[in-house]
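Hi,

Here is the structure I said I would pass on.

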Amino acid sequence: MKSLIAIGATVAALTTLSATTASAQSATVTQIMERGTMLCSGHNGSYFGFVEVNDKNEWKGLDIDLCRALTTAILGDPEKAQIVPLSWAQRFPALQSGDVDVIIKATGWTMGRDTELGLQFSLPYFFGGTQIMAHGDLGITDATGLEGGTVCVEAGTTIERIVANYLQTIGVTTNNISYESAAELRSAYLANRCDAFAAWGPFLAVLRATEIDNPDAHVILNDQLSSEPIAAAMRQGDDGFVDMVNWTIASLLIAEEEGITSANVDEMVANPPNPRVARLLGVEPGMGERLGIRDTWAREMIAAVGNFGEIYDRNLGEGSPYKLERGLNNLWSHGGVLYAPILD
């Protein structure tokens, strides 16, 4: 009997500890709240559709809106996001040094970054692969035609290694040149200092459609060099902050699944159509306590930036200059691969 009592006491203690741990605020979230701003990664220039500066010198893009969503979730106000311009090579040292709280900057989830750089990654929020764009007057349709040519890439990205590995695998020898910024890379390519320009496929499509005077004079080659999950990166050691970032992304996806938008979120709060929506929007308590913040964080975030579909549409889709189809980046229920974990 004593043994059973002891076991019962242990289970009760573990249950209490688990509940306490679940509701404890992460150290990073506490620091952000004390500072009153969220330090988000920007770009040293414009990475069209994801991180860019408009003609009013304002930050915009899919990644910027995700940073603002996270800022609203924690601080209640998207304007408390402070965007820190960084090159690709600077982003990981800046995260490790505390110059930014999180990297949401078209960053691929790789084993090396996961195991060697002390990073943790969120749920993927975008999928895209590396491709190559070449000058049309070369008359080529695939990378075999680049033999002896010059391929330009951006320094500090996975693309450098992906391109080198791919060309070696297919037996093509090229001169590969790295540039520190996307602007320098574009200028070099358009000045014909590069025969081809290797980059993330969605970025090439956006660039070719909107930023090049004669899009038909450039061809995106048939080669698909990689398929890459894009995720937010955080410092290891603060699982609570990883939970916060993951459930920010998940909540935006759930909102889209449930038809909750920035325009109707108040109506959904007043009359939730099902228990999942009531839980998400804080009508049913508990959504915030598990993360150590207020229960209304998700409804405030959706009111400020919209659901994931709204964010995609205004930055990359039909509401943007780029008109990039969602494809894989649609919800699982609409032919894509994006889905949220269970909100229980």
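R276 and E258 form a salt bridge, with their closest N and O atoms 3.0 Å apart (a salt bridge being a side-chain nitrogen of Lys or Arg within 4 Å of a carboxyl oxygen of Asp or Glu). This pair links distant parts of the chain, 18 residues apart: R276 sits in helix α11 (residues 275-280) and E258 in helix α9. Helices here are DSSP runs of H or I with at least four residues, strands are runs of E with at least two, and both are numbered from the N terminus.

Before going further, a word on the source: this is a predicted model, where local features need pLDDT of at least 70, side-chain atom pairs count only at pLDDT 80 or more, and totals for chains, interfaces and linings use all residues. Residues are numbered from 1 along each chain as its sequence is written, and side-chain values use heavy atoms, leaving out hydrogens and water.

Back to that pair: R276 is partly exposed at 24% relative accessibility, and E258 is partly exposed too, at 22%. (Buried means under 20% relative accessible area, exposed over 50%, and partly exposed in between, with a 1.4 Å probe and protein chains only.)

The whole structure has eight salt bridges. Another one joins R326 to E256, with the closest N and O atoms 2.6 Å apart. R326 lies in the segment after α13 and E256 in helix α9, so this pair ties together parts that are 70 residues apart in sequence. R326 is buried at 14%, and E256 is buried at 17%.

Then there is D344 with R290, whose closest N and O atoms are 3.3 Å apart. D344 is in the segment after α13 and R290 in the loop between α11 and α12 (297-305), so parts 54 residues apart in sequence are tied together. D344 is exposed at 55%, whereas R290 is partly exposed at 49%.

Helix α9 (residues 239-258) packs against helix α13 (residues 308-315) at an angle of about 95 degrees, with the axes 7 Å apart. (Axes are lines fitted to C-alpha atoms, for helices over the stretch in contact, and angles run from 0 to 180 degrees between N-to-C directions.) That makes α9 roughly perpendicular to α13, a label used for 65 to 115 degrees. L252, L253 and E256 of α9 make the contact with F308, G309 and I311 of α13, where contact means heavy atoms within 4.5 Å.

Cheers

Notes
Angles under 35 degrees count as roughly parallel, over 145 as roughly antiparallel, 65 to 115 as roughly perpendicular and the rest as oblique.
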